[in-house]
Amino acid sequence: MITVSHLTKTYGKKVQALRGVDLEIGAGMFGLVGPNGAGKTTLMRILAGLLRPTSGKVSVLGNDVTTRQGKLAVKSVLGYLPQELGLYPDLTAREFLEYVALLKGMTSRVQRNKQVNETLELVGLAGDARRKMRTFSGGMKRRVGIAQALLGKPQLLIVDEPTSGLDPEERVRLRNLLAELSASCTVILSTHIVEDVSQSCNDLAVINLGQVLFRGGPGALIAQARGCVWTLVTTGERPGAALTVVSTMQIQDGVQYRVIGTPSDASKAVSVEPSLEDGYIWLMQQSRLEQVSGS
Amino acid sequence: MQTIRQVLAIAHTEFRFDFRRGSPVAVTAIIGLLVSAGILVGPLTELSIWAANSIMTPEKIEKLASFGLTAAEWSIYFRDGFSDIFVASTMLAWFGIFLALLLLPIVASASIPADRQFGVSELLRTTPITGFDYLAGKLLGMLATVILIGAIMLALFFAVTELVLFSSLHYGLSASASLFLIKLSLLDGLPMLIWGTAVGVLVGVFFRTRRAAIFPGMLAGGASLVGWAYAFRAPAQGFFGVLDLAYYYLLQNYHSSAMALESRMGFHYMFDLASSPSVGIGQLAMMYLALIAMIALIFAFTRLWLQWKENF
């Protein structure tokens, strides 16, 4: 169980990355969604013990990550895949994993080799284990990143934008892998790609400008947008500025738009069942409107 | 036990990187070659003269008798006396080892920024190691590289020297000269290698890129050189100049059978420091204590910096 209460993080004196975040995350796969710069990575890094919060409390599996002992305790059960993954280009995948395994405290050579082999197999890199990582594609590097995070059988797996830069096949493969892993540990998936969350998470939070906008299941987020998602066909003119265009498609009769909001002429629009992405965009739209009315 | 294994794992990886990166290896090897060549050049130019002089003739034996020396003693003088030229040669050549103070901080300062540039630093910080373990591992790995190369260069020097001496004079370096060179490497060369490496690795903590660390590394190297020359200066100058306290101590305590014979003949020996101020083992111990204390202080400061700046 992870409990975050009144968490704030300020960089320097001006940049407020987190503004009083309260969250409770249980077992299974948890999605943290938000636009770039929302504060997701800051939150992930605080949970991983990489950053010190400005104020607030963070408890990860019963350990306070702001204390030295708590931080070390969390790190001993943590698997972390950072947004910008760095690897030693001159090492082979096996050498790198063995190194990380040792740092994670796996001192038994037999146990270490066994786990390294298992994780290499799991991420589909067993055949390339002896190749230097400088020769790896972006997807392969990402898989090495996942493999190192899985070493030591972590109880908490934090993956920050794991699918960025991956081709569709790799993305599906990675999502499935994370979903499988969530059966045995807590997985926190931070992403700005709603599809990743919709396919694998049964619990999520939407964060923007350092604040949690939504907390609940995907169904609840979808439900919020129900009645606000429309398709309308025009001969070319764009829908009004009050509507957020989700998708545009050229069809025989003109252009079909999928929009979120309230169309001025509802008779020409057809209400459709929202997707999770629609729910997310609706939420962002509401957030922007609140900001405008607030200022 | 687990912490030690983790520190050794970091050290082992650093050691491998240093060899792949090449610069710590190359710099240490170049310094070793310069010093070795400098020491060898003096004796080698004297080699043919010495070989000719060592041949005994009735006239020479008669002259020796006037000094009260036997032919057997004279041959000892030739064997050990030639080795003493190696010891005298270090007076000039040993200057080269000071390059370690200047250059090693520059190459060693890339070690920690390299992890940041590769982006591995963040990953390492999510494993259950502390900043202390990380710094200690990095330091040990780089030290292992530099010391190993230094040891190889020393072994190479002895191998070449023995090869040249045996092929030309049919005898090797005397035990006293060999011991002097080993002691010099251990008591003066090794501390310089350790200091230069340690300062370099620790200076790197403050920088994010290898390029950014170069100039501070140069400054640290310059400060080390000047600081060492001033703080550990020898109390007196010898024939060509005595370099530092450890060197002075060793030279002052150097004795060989050739020196004893020369003294009997009333000759003034080329590095006779008997009349100069004496340096005791206590002063030498103070020098090492000061070095250890300084390294520990810088280590503690960089550790606190990592804790404050990177929550590590």
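Colleague: Which way do strand S11 and strand S13 of chain A run, and how many bridges join them?

Modeller: In this predicted model, strand S11 (residues 229–234) and strand S13 (residues 254–260) of chain A run antiparallel and are joined by six bridges.

Colleague: What strand order does the open sheet have?

Modeller: The open sheet has four strands in the order S12-S13-S11-S14 of chain A, and the pairing is antiparallel. Strand S12 (244–251) and strand S14 (269–271) stand at the edges with a single partner strand each, so one side of each has no neighbour in the sheet. From one strand to the next, the twist averages 20°.

Colleague: Changing topic, how is chain A divided into domains?

Modeller: Chain A has domain 1, covering 2–215, and domain 2, covering 223–294. The C-alpha centres of these two domains of chain A are 34 Å apart.

Colleague: And how many residues are in contact between domain 1 and domain 2 of chain A?

Modeller: On the domain 1 side of chain A there are nine residues, and they are in contact with six residues of domain 2 of chain A. The elements giving two or more residues to the domain 1 side are helix H7 (194–200), strand S9 (203–208) and strand S10 (211–216) of chain A.

Colleague: Which of those gives the most, and how does that side divide by class?

Modeller: H7(A) gives the most, with four residues. By class, the side of domain 1 of chain A that touches domain 2 has six nonpolar, two polar and one charged residues.

Colleague: Staying in chain A, how many residues of helix H3 are buried?

Modeller: Ten of the eleven residues of helix H3 (residues 93–103) of chain A are buried, so this helix is largely enclosed by the rest of the structure. Among the buried residues are A:Arg94 and A:Glu98, along with A:Phe96, A:Leu97 and A:Tyr99.

Colleague: What do the buried residues of H3(A) pack against?

Modeller: They pack against helix H4 (109–122) and helix H5 (138–150) of chain A, together with H1 and H7 of chain B. Just after H3(A), A:Gly105 takes a positive phi of about 95°.

Colleague: How many residues does each chain put into the contact between chain A and chain B, then?

Modeller: The contact takes 25 residues from chain A and 18 residues from chain B. On the chain B side, the elements that give two or more residues are helix H1 (2–21) and helix H7 (120–125) of chain B, and H1(B) gives the most, with six residues. The side of chain B that touches chain A divides into seven nonpolar, seven polar and four charged residues.

Colleague: Within chain B, at what angle do helix H4 and helix H12 cross?

Modeller: The axes of helix H4 (residues 71–93) and helix H12 (residues 257–265) of chain B cross at roughly 115° and come within 7 Å, and H4(B) passes H12(B) in a left-handed crossing. The contact includes B:Tyr77 and B:Asp80 of H4(B), and B:Met259 and B:Leu261 of H12(B). Its residues divide into five nonpolar, two polar and three charged.

Colleague: Back to chain A, is strand S8 mostly covered or exposed?

Modeller: Strand S8 (residues 186–191) of chain A is mostly covered, with six of its six residues buried. A:Thr186, A:Ile188 and A:Ser190 point one way from S8(A), whereas A:Val187, A:Leu189 and A:Thr191 point the other way.

Colleague: Which way do strand S3 and strand S7 of chain A run relative to S8(A)?

Modeller: Strand S3 (residues 29–33) of chain A pairs with S8(A) in the parallel sense over five bridges, and A:Leu32 has A:Ser190 as its bridge partner in S8(A). Strand S7 (residues 156–160) of chain A also runs parallel to S8(A), joined by five bridges, with A:Leu156 opposite A:Thr186.

Colleague: Last one: where does A:Pro53 lie, and is A:Pro53 buried or exposed?

Modeller: A:Pro53 lies in the loop between helix H1 (40–47) and strand S4 (55–60) of chain A. A:Pro53 counts as buried because 23 other C-beta atoms lie within 10 Å, where the cut-off is 20 or more. Leaving aside residues up to four places away in sequence, A:Pro53 touches A:Leu7, A:Thr8, A:Lys9, A:Ile46, A:Val58 and A:Thr66.

Technical notes:
Residues are numbered from 1 along each chain as its sequence is written. Chains are lettered from A and ligands numbered from 1 in the order in which they are written. This is a predicted model: local features need pLDDT of at least 70, side-chain atom pairs count only at pLDDT 80 or more; totals for chains, interfaces and linings use all residues. Domain bounds come from an automatic or database domain assignment. Two residues are in contact if their C-beta atoms, placed from the backbone, lie within 7 Å. Ala, Val, Leu, Ile, Met, Phe, Trp, Tyr, Cys and Pro count as nonpolar, Asp, Glu, Lys and Arg as charged, and the others, Gly among them, as polar. Axes are lines fitted to C-alpha atoms, for helices over the stretch in contact, and angles run from 0 to 180 degrees between N-to-C directions. A crossing is left-handed if the near helix is turned anticlockwise from the far one by less than a right angle, and right-handed if clockwise. Two strands pair if DSSP finds at least two bridges between them. A residue is buried if 20 or more other C-beta atoms lie within 10 Å of its own, exposed if 12 or fewer, and partly exposed in between; C-beta atoms are placed from the backbone.
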